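Student: Before we discuss this protein, could you set it out, so that each term can be held against its definition?

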Amino acid sequence: MNQMNMHVPMNPVGANPNVGMQGMPVSVSIMPVASPQQMQPVMAPQPPQQDKMDNISKVKTLMGSLRESLPMTLKSAAQILHLNYNIDSNTQKGIDNPVPRFDKNLEEFFSLCDQMELHLRTAITCIQQAQSAAHYLPLTVIPSRLDSGPTTQETTLSYPQYLNTVRLQISYAKDIHDTLVAAAQNISPTE
């Protein structure tokens, strides 16, 4: 069983959405809505250009956070163990120094591990799909939606040709499935 998928819901079912994890009320502010007369045509701000990172690059960027999270988690666990030892041996009766929350650090660590696992699984799936595509359709696909006509080379497919090929493969797979189901029904004794 995978122990890394440990998640705590932020608001349990039936919980008040305006109450945080520790039971402290969370303030919700409502922004005033402008009437159509008050609104002026404003250029919409363009979202910041984000470079599309591949999954392996995302794992590499998460590695730094993971390297910081693991020592923090172990440090908080050690501090809690030391504090419990002092309380049990009666050398310290109360909590003088605030101890970092172990569950928060552990949850952050597992969250990073889950993100890395997701990115690595996605990368594996992408590689497998690329290998299958190269094996079963060795032609390169031109991603243009327009049919380029008969001037295309023999080693490339236009996007409409690619869609047609995929439709034919799907119909062929359905025909094989139907044939196998019919053969299985013919072989099995009728009751």
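Tutor: Phe110 lies in helix H2, where helices (H or I, at least four residues) and strands (E, at least two) are DSSP runs numbered from the N terminus. This is a predicted model, in which local features need pLDDT of at least 70, side-chain atom pairs count only at pLDDT 80 or more, and totals for chains, interfaces and linings use all residues. Residues are numbered from 1 along each chain as its sequence is written, and side-chain values use heavy atoms, with hydrogens and water left out.

Student: Why is Phe110 called buried?

Tutor: Buried means under 20% relative accessible area, with over 50% exposed and partly exposed in between (1.4 Å probe, protein chains only); Phe110 has a relative accessible area of 17%, and is therefore buried.

Student: What separates the C-alpha atoms of Phe110 and Ser69?

Tutor: The two residues are 41 apart along the chain, and their C-alpha atoms are separated by 9.4 Å.

Student: Why are H1 and H2 called roughly antiparallel?

Tutor: The axes of H1 (residues 55–88) and H2 (residues 102–136) come within 8 Å and cross at roughly 155 degrees. Axes are lines fitted to C-alpha atoms, for helices over the stretch in contact, and angles run from 0 to 180 degrees between N-to-C directions. Angles under 35 degrees count as roughly parallel, over 145 as roughly antiparallel, 65 to 115 as roughly perpendicular and the rest as oblique, so H1 and H2 are roughly antiparallel to each other.

Student: How many helices and strands are there in the protein, and in what order do the elements run?

Tutor: The protein has three helices and two strands, and from the N terminus on its elements run α-α-β-β-α.

Student: What percentage of the residues of the protein count as buried?

Tutor: Of its 191 residues, 13% count as buried.
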